[in-house]
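Here's a quick briefing to read alongside the model.

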Amino acid sequence: MSLMNEKVTFQKNTVITDSIGNHKNGWEDFYTCHATIGGEGMASSKEKEEAI
């Protein structure tokens with residue numbers, strides 16, 4: 001098993017303003033890094049979370 005083999009992106013909820021001044025909620029990438037996913041007894045876990 002390789003260490004630090006998964007790219008992880010953390011996002012934050014922000015207010016986006018369009019060209020005519022309308023406001024709406026959106027997601028903005030906040031921080032991206034590489035990490036080892038899983039751990040002792042969970043090495044086969046492939047969890048993925050997405051907000052739409």
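The chain has 0 helices and 2 strands, where helices (H or I, at least four residues) and strands (E, at least two) are DSSP runs, numbered from the N terminus. This is a predicted model, so to speak of local features takes pLDDT of at least 70 and side-chain atom pairs count only at pLDDT 80 or more, while totals for chains, interfaces and linings use all residues. Residues are numbered from 1 along each chain as its sequence is written, and side-chain values use heavy atoms, with hydrogens and water left out.

**The hairpin**

- Strand β1 covers residues 6-17, and strand β2 covers residues 23-35.
- The two strands run antiparallel, with 12 bridges joining them; strands count as paired if DSSP finds at least two bridges between them.
- Together β1 and β2 make a hairpin with 5 residues between them.
- In that turn, G21 has a positive phi of about 95 degrees.
- Two of the facing pairs are E6 opposite A35 in β2 and T9 opposite T32 in β2.
- As background, side chains in a regular strand alternate between the two faces of the sheet.

- The accessible surface of the chain comes to about 4900 Å², and carbon and sulfur atoms hold 51% of that. Accessible areas come from the Shrake-Rupley method with a 1.4 Å probe, and for residues, only the protein chains shown count as cover.
- Among contacts with a separation of 6 or more, 42% are between residues 24 or more positions apart; contact means heavy atoms within 4.5 Å.

**K7 and C33 across the strands**

- K7 sits in β1, and C33 sits in β2.
- These two are 26 residues apart in sequence, yet their C-alpha atoms are 5.8 Å apart.
- Setting aside residues up to four places away in sequence, K7 touches T32, C33 and H34.
- K7 is exposed because its relative accessible area is 61%.

**T14, a buried spot in β1**

- T14 also belongs to strand β1, and is classed as buried because its relative accessible area is 14%.
- Apart from neighbours within four places in sequence, T14 is in contact with K24, N25, G26 and E28.

**The nonpolar patch**

- F10, F30 and Y31 make a nonpolar surface patch of about 370 Å².
- Patches are made of residues with over 30% relative accessible area and no salt bridge, with like charges joined within 9 Å and nonpolar side chains (Val, Leu, Ile, Met, Phe, Trp, Tyr) within 5 Å. A salt bridge is a side-chain nitrogen of Lys or Arg within 4 Å of a carboxyl oxygen of Asp or Glu.
- Y31 is found in strand β2, and is partly exposed, with a relative accessible area of 48%.

- M4 is in the segment before β1.
- Its backbone is worth a glance: M4 has a positive phi of about 55 degrees although it is not a glycine.
- M4 counts as exposed, with 51% relative accessibility.

Note on methods
Buried < 20%, exposed > 50% of the residue type's maximum accessible area, 1.4 Å probe, protein only.
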